[in-house]
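Please look over the sequence and the structure before reading on.

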Amino acid sequence: MAGAAAAAAAPLIPGKFRTKRSKAVAKTGGAKKQSDILRMVNVPEEEIPNFVDPVHWLKYFPPLGMEDLKAFGVSVDWRRSFITTDINPFYDAFVRWQFHHLKEGGFVKYGTRPTIYSRMDGQACADHDRSEGEGV
């Protein structure tokens, strides 16, 4: 809370955006449940119970994304899907093969690394999530 109070008391700088809302609240519009977020993006009420199945997400949203991209006039080869789960076993196997070879070559490593952590949001935050700090 001390960080939020200090941010509120900081002088206003023209062109800098400040908010008292957390990153999570800003991204969800204040919705508390996933079903609320689905309603906010105009998913029909009778469709919402189907989202308990993770595969339903993969079937419902990609066609909507394709419609939006087509409306933007994007030229895309829509003949192939790049979903990297067992829903698309051929592409999934290809991505697994790539990672296997990258790991064998020493290019993929597991472990810890330093990162900026927001106590207010309870999660790591990247440069685009901060109004001040390194690389902003």
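## Terms and basis

A residue is called buried under 20% relative accessible area, exposed over 50%, and partly exposed in between (1.4 Å probe, protein chains only). This is a predicted model, in which local features need pLDDT of at least 70, side-chain atom pairs count only at pLDDT 80 or more, and totals for chains, interfaces and linings use all residues. Residues are numbered from 1 along each chain as its sequence is written, and side-chain values use heavy atoms, with hydrogens and water left out.

## Salt bridges within helices

A salt bridge here is a side-chain nitrogen of Lys or Arg within 4 Å of a carboxyl oxygen of Asp or Glu. The count by this rule is 5. Helices are DSSP runs (H or I, at least four residues), numbered from the N terminus.

In helix 5, R96 and D92 are 4 residues apart, about one turn of the helix. Their salt bridge has its closest N and O atoms 2.9 Å apart. R96 is exposed, at 58%, whereas D92 is buried, at 11%. Helix 3 (residues 34-40) holds both R39 and D36, 3 residues apart, and their side chains form a salt bridge at 3.1 Å, N to O. R39 is partly exposed at 35%, as is D36 at 26%. A network of salt bridges links D36, R39 and E45.

## A further pair

D77 and R79 also form a salt bridge, at 2.8 Å, N to O. D77 is partly exposed at 33%, while R79 is exposed at 72%.

## The loop residue N88

N88 sits in the loop between helix 4 (54-72) and helix 5 (89-104). N88 counts as buried because its relative accessibility is 15%. Leaving aside residues up to four places away in sequence, N88 touches S81, F82 and I83, where contact means heavy atoms within 4.5 Å.

Conventions:
Helices (H or I, at least four residues) and strands (E, at least two) are DSSP runs, numbered from the N terminus.
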